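I opened my notebook to look at one protein. Here is what I looked up.

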Amino acid sequence: MKQHRHFHFSTSVIAYPIFFVLIIWVMFWADVRFGLRLSKFGIYPQTLKGLRGVLFSPFIHGSIKHLAHNSVPLLVLSSALFFFYRPIAWKVIGYGILVSGFLTWFIGRPSYHIGASGLIYVLVSFIFFKGVFAKYYRLIALSLLVVFLYGSMIWYTLPIEKGISWEGHLAGLITGLLFAFIFKKSIAKPKKYVWEQPDYNEDDDPFLKHFDENGNFIENLEPEIEEEESIIIRYSYKEYKENDD
């Protein structure tokens, strides 16, 4: 896959995140307007019925404050994901929801866990660690930006505040780190120059030939003269005899 496809802007970079956030807002509006009490569809750990929350919990929020706090990071991080990691963006989001949801179901307290914060932690963790592992300057710059904007979120993977699903945050953090190791293909890789290749030979480098063994520049480099192969032409003669009529 060509590298330029990783950093190609299109309407989908913004359209998909906006559509995803819009669905969350519509779900919250329907919950409030019609009294659906969608929180009962969240993740309830270690119960068979609570497994349905693995799919539904990212779209359910308990308050307008909860929804607002998740909307902006989700929009920013998912847009960055589609721009910098386009070939695997849907895999990170889809599998991220499932894996982080199952981890939350396994380690969580007996309570309903709702909200898109688990997915947000997946994105933060994946974008940061993948940029570090890839060693590509653009992805490293993105990692540093994520740390600058959302680095303080690491504290919410610990039980420091009541009413917050720190288990969901921790599950998202672990999932993102796991994905950074798993998704190795279709990632932009740093360009390797000729001298970084394993079969590189300094003696064959046309640029280095302009310098002597002491590093001094050779102004008039004599061109290499290739010996021409001698051409041998052989003639053969046959005697011609005229036939008598």
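I began with the cover over helix 4. Its buried residues (under 20% relative accessible area with a 1.4 Å probe, protein chains only) are covered by elements including helix 2 (53–56), helix 3, helix 5 and helix 7. Helices here are DSSP runs of H or I with at least four residues, numbered from the N terminus.

I noted the ground rules next. This is a predicted model, where local features need pLDDT of at least 70, side-chain atom pairs count only at pLDDT 80 or more, and totals for chains, interfaces and linings use all residues. Residues are numbered from 1 along each chain as its sequence is written, and side-chain values use heavy atoms, with hydrogens and water left out.

Which residues of helix 4 are buried? I listed Ala 89, Val 92, Ile 93, Gly 96, Ile 97, Ser 100, Gly 101 and Thr 104. In an α-helix, residues three or four places apart point the same way, because there are 3.6 residues a turn. I also found a bend of about 30° in helix 4 at Gly 96. That bend is the angle between axes fitted to the seven residues ending there and the seven starting there.

I then looked up the largest nonpolar core, which has 38 residues. Such a core is a set of buried Ala, Val, Leu, Ile, Met, Phe, Trp, Tyr and Cys residues joined through side-chain atoms within 4.5 Å. Val 92 and Phe 126 are among the residues that touch the most other members. Helix 5 gives the largest share, nine residues.

Last, I checked the whole protein. I counted seven helices and zero strands. Of its 245 residues, 35% are buried.

Note on methods
Buried < 20%, exposed > 50% of the residue type's maximum accessible area, 1.4 Å probe, protein only. Helix = DSSP H or I, 4+ residues; strand = E, 2+ residues; numbered from the N terminus. Contact = heavy atoms within 4.5 Å.
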